[in-house]
Amino acid sequence: MKIANLSLPNPLFLAPMANVTNLAFRMLCKKYGASLTYSEMISATAVVRQGEKTMQRGMTCEDEQPFCIQIFGNSPDTITEAALILEEIYRPVIIDINMGCPAPLIVKQECGSALLKSPSLVHDIISHLTNNISTPVSAKIRVFDDMEKTLEIARTIEDAGACAITVHGRTRAQMYSGTSSLEYAKAIKKELAIPVIANGDIKDGESAKHALEYTGCDGIMIGRAAIGHPYIFREIAHYLGNGESLEIDHCTQQVNDFMEYIELLEKYDIFSLGDIKAQSKAFTKGVAESRHIREKLNDAKNLGSIINVMNGMCDGTY
Ligand SMILES: Cc1cc2nc3c(=O)[nH]c(=O)nc-3n(C[C@H](O)[C@H](O)[C@H](O)COP(=O)(O)O)c2cc1C
């Protein structure tokens, strides 16, 4: 597929996810075939202040390219100032604007999905960016119950100069409940000339194939299904290529991937015990007795104990 003058080997993108998609996690997803990865959302205001922790969220490496940085904010000036700083330091191929986050903390600041109620502000943010930065700009939205209002926002984003749009088929009020509808991505794809990426509830080869075929979208973005299971990108790519599921030992795969995740955190110097603990629990997904394993992980006081539990996860010796 093509996006922002790039030819990508497949249409599988890793979704931006706060507290999940750090550089180490993104590199694992890339290894398994994600053709485009996104940083977690980064606050425009914090970037302008150049907070060290904030800047770390944009950290990338040459091997990761192509990768995107996602920003959240609500002021066209501040977002543009932040984008200028981030493009200079990290050289992302796309700067994406978060117009979908429903978290109260973000919406209260009139950011994320709160932007969608003002098409003129959406236009100003994207056009200000495209007029002032050299990196292509995209947006990631949620939808309205009302299809026409959703299409209006999508058109606004395209008219303002965005290079692509990602559509998570849930409304802001839905948060993460219910199901994500593919109807909106399908309708937006029909109307717009820029690439459209469908997102929401894609969790395996079958749902990926269905999302691509049903919507006609250029790409699909995978979020929660990749948490604790970055190998999903290889599984989906295989299914799309052969129509067959890969036969793998999921438990062993997840333990190996978790160990590699730790190595990557160390390599990029972004190791934190809190993060490892949270991620270790995610890597028990789908494993027998995972509740007990997670309890053990909760009690673990140091990295050694976490590794011991994870190493015993598949043969019941945790
Ligand atoms: C833990 C978590 C963090 C997320 N953080 C972000 C974020 O920083 N920016 C964003 O646009 N969406 C964020 N999302 C939403 C996802 O990118 C995605 O749109 C949503 O999870 C639906 O896709 P899925 O069904 O494949 O998970 C987050 C979702 C989760 C579960």
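Helices (H or I, at least four residues) and strands (E, at least two) are DSSP runs, numbered from the N terminus. The model is predicted, so local features need pLDDT of at least 70 and side-chain atom pairs count only at pLDDT 80 or more, whereas totals for chains, interfaces and linings use all residues. Residues are numbered from 1 along each chain as its sequence is written, and side-chain values use heavy atoms, with hydrogens and water left out.

**Exercise 1.** Describe how α11 and α12 pack, giving the angle and the distance between their axes.

*Solution.* Axes are lines fitted to C-alpha atoms, for helices over the stretch in contact, and angles run from 0 to 180 degrees between N-to-C directions. With this in mind, α11 and α12 pack at about 160°, and their axes are 11 Å apart. Angles under 35 degrees count as roughly parallel, over 145 as roughly antiparallel, 65 to 115 as roughly perpendicular and the rest as oblique, so α11 is roughly antiparallel to α12. Contact means heavy atoms within 4.5 Å, and the residues of α11 that meet α12 include Phe-258 and Tyr-261, while those on the α12 side include Asp-275 and Ile-276.

**Exercise 2.** Work out which residues of α14 are buried, and against which helices they pack.

*Solution.* The helix α14 covers residues 303-311, and its buried residues are Ile-306, Val-309 and Met-310. Seen down the axis of α14, these fall within an arc of 95° (taken from the directions from the helix axis to the C-beta atoms), so they line one face of the helix. The buried residues of α14 pack against α11 (250-267), α12 (273-282) and α13 (290-299).

Terms used: Buried < 20%, exposed > 50% of the residue type's maximum accessible area, 1.4 Å probe, protein only.
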